[in-house]
Amino acid sequence: MIEFAEQVKTWFAERVPDDWFQGDVDVAVDRDEILVTGELEPPDVPKKSPAAIVASASMARLDKFRDATRDARKAITGEAEPLFNRKVSWGAVCGGEQKVFTQLSVPVMTRLRMNERAVLDTLVDASVARSRSDALAWCVRLVGANQARWIDELRDALVHVEKVRADGPPALGGPVEA
């Protein structure tokens, strides 16, 4: 997966126009989706403007970028989706505001025991979430936000495991070379 992700990132870095983003394009890849984002130039507002003004100007710049690049993004998406066999989503960051224009919402099957379902039902009953599905997504976001360092360490460890596995002998049931 690491080599594939690097291949995807390199392809998008070459394909996305240089004048779209400040700095490099950011490309995240999972089993279902490729998310392409980048940072836009901050809005031109006076330095001591209230945060609400900066946020509003940033959101306006994000909307303008979305509209101005729509046709080009569709063309790039049309090339990338069959090439990489994943859906492509787009977004941008501006002035501390982030907006994802398109993104998959992928169903995930899980088995929960009664006490775990009760947690989700409590979140629904308290109007924190509209459904068990929303409650579960809320829980996942909460863990991701509060345990970001730990999650990053797990990802780093997985990179190392993939490298060791790639350098090792073939998996059981695979072809054996003499």
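Glu153 comes out as partly exposed, because its relative accessible area is 42% (buried means under 20%, exposed over 50%, and partly exposed in between, with a 1.4 Å probe and protein chains only). Its side chain meets that of Arg149 in a salt bridge, at 2.4 Å from N to O (a salt bridge being a side-chain nitrogen of Lys or Arg within 4 Å of a carboxyl oxygen of Asp or Glu). Both Arg149 and Glu153 sit in helix 5, residues 148-167, 4 residues apart, or about one turn of the helix. Arg149 has a relative accessible area of 63%, so it is exposed.

Arg155 is exposed at 52%, while Asp152 is partly exposed at 40%.

## Where the numbers come from

This is a predicted model, where local features need pLDDT of at least 70 and side-chain atom pairs count only at pLDDT 80 or more, while totals for chains, interfaces and linings use all residues. Residues are numbered from 1 along each chain as its sequence is written, and side-chain values use heavy atoms, with hydrogens and water left out.

## Overall layout

The chain has 5 helices and 4 strands, running α-β-β-α-β-β-α-α-α from the N terminus. Both kinds of element are DSSP runs numbered from the N terminus (helices are H or I, at least four residues; strands are E, at least two). The C-alpha trace spans about 65 × 50 × 30 Å along its principal axes. As for the radius of gyration, the chain has 21 Å, whereas a compact globule of 178 residues would be near 16 Å (taken over C-alpha atoms, with the globule rule being 2.2 Å times the number of residues to the power 0.38).

Buried residues make up 22% of the 178 in the chain. Of the contacts with a separation of 6 or more, 57% are between residues 24 or more positions apart (contact means heavy atoms within 4.5 Å).

## Ser89, tucked into strand 3

Ser89 lies in strand 3, residues 87-94, and counts as buried because its relative accessibility is 2%. Setting aside residues up to four places away in sequence, Ser89 touches Glu33, Ile34, Leu35, Val36, Thr102, Gln103 and Leu104. With Glu33 there is also a side-chain to side-chain polar contact at 2.3 Å (a pair of N or O atoms within 3.5 Å; within protein, one must be able to donate a hydrogen and the other to accept it, and residues adjacent in sequence count only if both atoms are side-chain atoms).

## On the surface

Leu104, Val106 and Val108 make a nonpolar surface patch of about 260 Å² (patches take residues with over 30% relative accessible area and no salt bridge, joining like charges within 9 Å and nonpolar side chains, namely Val, Leu, Ile, Met, Phe, Trp and Tyr, within 5 Å). Val108 is in the loop between strand 4 (97-100) and helix 3 (114-125), and is exposed because its relative accessibility is 67%.

The salt bridge count comes to 9. One of them joins the side chains of Glu81 and Lys87, at 3.9 Å from N to O. Glu81 is partly exposed at 22% relative accessibility, and Lys87 is partly exposed at 44%.

Terms used. Accessible areas come from the Shrake-Rupley method with a 1.4 Å probe; for residues, only the protein chains shown count as cover.
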